[in-house]
Amino acid sequence: MRGRTGITVVCIYILCFFSFIMFKLGDNRDEPEAVVKPVNNDFVIIIDAGHGGSDGGAVASDGTNEAVINLEIAKKLCDGLSLIGFNTVMTRTDENSLGESSSTIRNEKISDIHKRMDIMNSFDNCVFISVHQNYYRGSSSWGTQVFYSGNNEQSEPLAESIQSSVKVLVQPDNKRMIKKSGSDIYLLYKAEKPAVLVECGFMSNDEELLRLKNEDYQCELTFSIIDGIIDYISEKDVKYGF
Ligand SMILES: [Zn+2]
């Protein structure tokens, strides 16, 4: 860890470690609450579980929908970050999309993406972490890769910090690099806040799919993402609400 906040950062790590243990043991905790919690100007971490509703995202060979894994990891992220004292917001907390259900599927997707953007824009002091799973034609591709928005200069270091933590803590053989998003990732392309999208792994790789569906692996991955977020914050000296 790099950082100049010394003891504070060490304390955060110790707190994080014990919270993570509690978090792993606490499988029967209540579900996260409403999508938007009342907040003030404090720093907020927005966790965005990709897809939902009629848009299940990528579909694995065993029929697993990406949207399901996204939500499982997003909830763990939200729980872990909340436990160590961060203000958190989830864009969705169940299998439904945010879009208007009475509209066509296309209109539902457009409405859904705009509502996610509205949530991001409703906070002045925030970072936006979108959780997705990757898919590729071949079955050999594997590994987490973090994409970042080019509109805010804080997006790249946030992405780099998460990518680095995942490699160090969970995937030492992962050679993937962070990548600036294009217009194909609408939320990042339009984001004005620090915003990243974590492609946690490849659902097209059967071995990695098994890991991505595994509770313990999800916890390990979540912990490494949280570690990356904390590292980013300690570097940037962002004021956040404990
Ligand atoms: Zn996706």
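View 1. Strand β1 (residues 44-49) runs parallel to β3, and six bridges join them; two strands count as paired if DSSP finds at least two bridges between them. Another residue to look for is Ile47, which stands opposite Ile129 in β3. Strands here are DSSP runs of E with at least two residues, helices are runs of H or I with at least four, and both are numbered from the N terminus. A word on conventions: residues are numbered from 1 along each chain as its sequence is written. Since the model is predicted, local features need pLDDT of at least 70 and side-chain atom pairs count only at pLDDT 80 or more, while totals for chains, interfaces and linings use all residues.

**View 2. The open sheet, strand by strand.** Six strands form an open sheet in the order β2-β1-β3-β6-β4-β5, with mixed pairing. At its edges are β2 (87-90) and β5 (179-180), each of which pairs on one side only. Further in, β3 and β6 pair in the parallel sense over six bridges. Here Phe128 has Ala195 of β6 as its bridge partner, and His132 stands opposite Glu199 in β6. On to β4: four bridges join β4 to β6, and these two run antiparallel. Glu199 of β6 turns up again in this pairing, as the bridge partner of Gln145.

**View 3. How well covered is strand β3?** Nine of the nine residues of β3 are buried, so this strand is largely enclosed by the rest of the structure. To count as buried, a residue needs 20 or more other C-beta atoms within 10 Å of its own; 12 or fewer makes it exposed, anything in between partly exposed, and C-beta atoms are placed from the backbone. In a regular strand the side chains alternate between the two faces of the sheet. Both faces of β3 are covered: one side holds the buried residues Cys126, Phe128, Ser130, His132 and Asn134, and the other holds Val127, Ile129, Val131 and Gln133, also buried. Strand β6 is mostly covered too, with seven of its eight residues buried.

View 4. Helix α2 lies across β1, β2, β3 and β6, and runs at about 145 degrees to β3. Helix α4 (residues 155-169) also packs on the sheet: α4 touches β3, β4 (145-148) and β6, and its direction makes about 175 degrees with that of β4. For these angles, axes are lines fitted to C-alpha atoms, for helices over the stretch in contact, and the values run from 0 to 180 degrees between N-to-C directions.

**View 5. Ile45 in the nonpolar core.** The largest nonpolar core has 54 residues, and those with the most contacts inside it are Ile45, Ile46, Leu77, Ile129 and Val196. Such a core is a set of buried Ala, Val, Leu, Ile, Met, Phe, Trp, Tyr and Cys residues joined through C-beta atoms within 7 Å. In soluble globular proteins, nonpolar side chains tend to be buried together. Leaving aside neighbours within four places in sequence, Ile45 is in contact with Leu81, Phe86, Asn87, Thr88, Cys126, Val127, Ile129 and Ile229; contact means that the C-beta atoms, placed from the backbone, lie within 7 Å. Ser82 of helix α2 is 37 residues from Ile45 in sequence, with 9.4 Å between their C-alpha atoms. Ser82 counts as partly exposed because it has 19 C-beta neighbours inside 10 Å.

View 6. Helix α6 (residues 206-213) has Glu208, Leu209 and Leu212 as its buried residues. They cover an arc of only 105 degrees around the axis, which puts them on the same side of α6; the arc is that of the directions from the helix axis to the C-beta atoms. These buried residues pack against α2 (66-83), β3 (126-134), β6 (195-202) and α7 (215-236). The face turned away from the buried side carries the exposed residues Asp206, Glu207 and Leu210.

**View 7. His51 and its backbone angle.** His51 is found in the loop between β1 and α2. Its phi is positive, about 65 degrees, although His51 is not a glycine. Most residues other than glycine have a negative phi. His51 counts as buried because it has 24 C-beta neighbours inside 10 Å.

Terms used
Two residues are in contact if their C-beta atoms, placed from the backbone, lie within 7 Å.
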